[in-house]
Amino acid sequence: MRITVIGAGYVGLVTGVCLADFGHSVDVIDIDASRIERLKAGHSPIFEPGIERLITHNLESGRLAFSMDLESSVHAASVVFIAVSTPSSDTGESDLRYLFTAVDQVAAILSQHPSETPTILVVKSTVPVGTCTSVRTRLLNAGIGEDRCIVVSNPEFLREGNAIGDCLNPERVVIGAESAVAFDRMKSLYHPYVAREIPFVEVSLAAAEHIKYASNAFLAVKISFINELALLCEKTHTDVLEVARGMGLDARIGPSFLMPGPGFGGSCFPKDIRALEAVGQKNGVELKLLGAVDLINKRQKRHVVNQVLTRLSGISAPIVAVLGLAFKANTDDMRDAPALDILPALIANGAMIQAYDLVAADNARPLLGEHVRYCSSAMAAAADADVLLILTEWNEFYDIDLMALKSQMRTPTIVDTRRVIDPKSATRAGFNYYGIGRA
Ligand code: UDX
Ligand code: UDX
């Protein structure tokens, strides 16, 4: 099949590359010229394990192309994916302007180039319930009926850092559509999933839109539950992970997403919760649980700040070494990273920051301003520091040389929000150690 993917961001790029790997002929289109030039040369604009190999392989095979020329691509395509960003607006609602611009552009191209079979227009971007129906109405108003273009909702469940694996081997594929033709076409598009008997969830457009938000909101609830419990466990001298393990073995609860941390971040959870709350408000239903999740997540970040500040008390011109800036490991993404709240709060309280992240420093620099000194290693960041604050669970932090670390620091104190350091080893090495939710 010939496919157009509009938007070469995290989602569009991963989707396009994987569809090319399935044997389709894929054009990934973006309005950002420098991004397209980099991609044409085989370089990924994002850090995502495995992506450059797949880009190069599929460019060489001729199945994958990057371009800014939407018209000739859509003209030839039987399936068009929209994967542009849908950021939060000031009210928390999803800002759908890029999505609707893309829809209008596709409508204009389809009016110019009639085809015999209807084009499938797949909304991959995360959009609130009712958006796909608005997309259908917009197409109809532009003179494009169902005989020319069929709208499908096909939300993504790609975890950054694991996005290629999630795309090649998903746990389920959610397809929202209002016609049997659409379900059939999506199944031929995703033939490797069918062959591997990966479950397809065929539902209405509205249900598919809801499934995406509900899934992310539920995962955020789980994380917030364990983060809140972690605070209680600290007071009651209990290890929250022992509790989580005991809970998670109950199949009704499940073990995943019960890891306490500095609060969730990323391009999805914080924005999706706000967007779902806004949908609730619009429909006269206050989603109280999501309001609580948002508050718990903010409190978690404040808790981390307080833990550091308590340990800096009485130290003049204190220095905090920060290990990890990205919102989680294996990504360079800084969108809504806890570091963006925690570091400014520490700076406002007089701390100097020396930070190290394997890949996220370039993205962090414009967001965190001049008050952060970026270092090329964990040891360099620890030089003369009074607290070592771990914010991201990068693999290399798990077996850091504690004795070497201690010899670098002015005051040997660790605040570990990802529980990457073994507390006994830290204490043996002479550290004052705090780990979130530990006994
Ligand atoms: C995706 C989804 O699409 C979003 O709805 C979801 O909630 C999170 O994941 P993401 O891929 O992370 O967004 O967005 P981003 O990395 O910002 O990429 C969007 C791309 O679309 C950018 O490369 C941008 O240049 C491009 N774009 C944007 C267009 O090509 N056309 C536009 O009109 C707007
Ligand atoms: C999420 C969804 O999981 C994915 O399906 C898609 O919809 C995009 O959004 P992503 O944001 O890439 O993926 O990362 P995820 O692994 O879900 O983690 C989100 C945040 O929660 C991170 O800040 C992470 O550190 C945090 N988290 C996750 C915890 O604090 N504890 C956990 O147990 C799991």
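A backbone N or O atom of Tyr-10 sits 3.1 Å from an oxygen atom of ligand 1. This is a polar contact, a pair of N or O atoms within 3.5 Å; within protein, one must be able to donate a hydrogen and the other to accept it, and residues adjacent in sequence count only if both atoms are side-chain atoms. The model is predicted: local features need pLDDT of at least 70, side-chain atom pairs count only at pLDDT 80 or more, and totals for chains, interfaces and linings use all residues. Residues are numbered from 1 along each chain as its sequence is written, chains are lettered from A and ligands numbered from 1 in the order in which they are written, and side-chain values use heavy atoms, with hydrogens and water left out.

**Ligand contacts**

| Ligand atom | Residue and atom | Distance |
|---|---|---|
| Ligand 1, oxygen | Val-11, backbone N or O | 2.9 Å |
| Ligand 1, oxygen | Ser-125, polar side-chain atom | 3.3 Å |
| Ligand 2, oxygen | Lys-212, side-chain N or O | 3.2 Å |
| Ligand 2, oxygen | Leu-258, polar backbone atom | 3.4 Å |
| Ligand 2, oxygen | Arg-418, side-chain N or O | 2.9 Å |

Taken alone, ligand 2 exposes 660 Å², and the protein buries 92% of that. Accessible areas come from the Shrake-Rupley method with a 1.4 Å probe; for residues, only the protein chains shown count as cover. Around ligand 2 stand 18 residues, counted when a heavy atom lies within 4 Å. Glu-160, Met-259, Gly-265, Lys-328 and Arg-418 come nearest.

Ligand 1 has 20 residues around it. Asp-30, Val-84, Thr-86, Thr-126 and Lys-271 come nearest. Its shell holds eight nonpolar, six polar and six charged residues. Here Ala, Val, Leu, Ile, Met, Phe, Trp, Tyr, Cys and Pro count as nonpolar, Asp, Glu, Lys and Arg as charged, and the others, Gly among them, as polar. Both domain 1 (2–203) and domain 2 (204–439) give at least three residues to the shell around ligand 1.

**Domain interface**

The protein chain splits into domain 1 (2–203) and domain 2 (204–439), with bounds from an automatic or database domain assignment. Their C-alpha centres lie 32 Å apart. Domain 1 puts 35 residues into the contact and domain 2 puts in 29 residues, with contact meaning heavy atoms within 4.5 Å.

The two domains bury about 2,500 Å² between them, and carbon and sulfur atoms give 59% of this area. Buried area is the accessible area (1.4 Å probe) that two parts lose on being put together, summed over both. Phe-47, Val-129 and Glu-160 supply 26% of what domain 1 buries against domain 2, more than any other three residues.

Three salt bridges cross the interface. A salt bridge puts a side-chain nitrogen of Lys or Arg within 4 Å of a carboxyl oxygen of Asp or Glu. Arg-335 forms a salt bridge with Glu-160, with the closest N and O atoms 3.6 Å apart.
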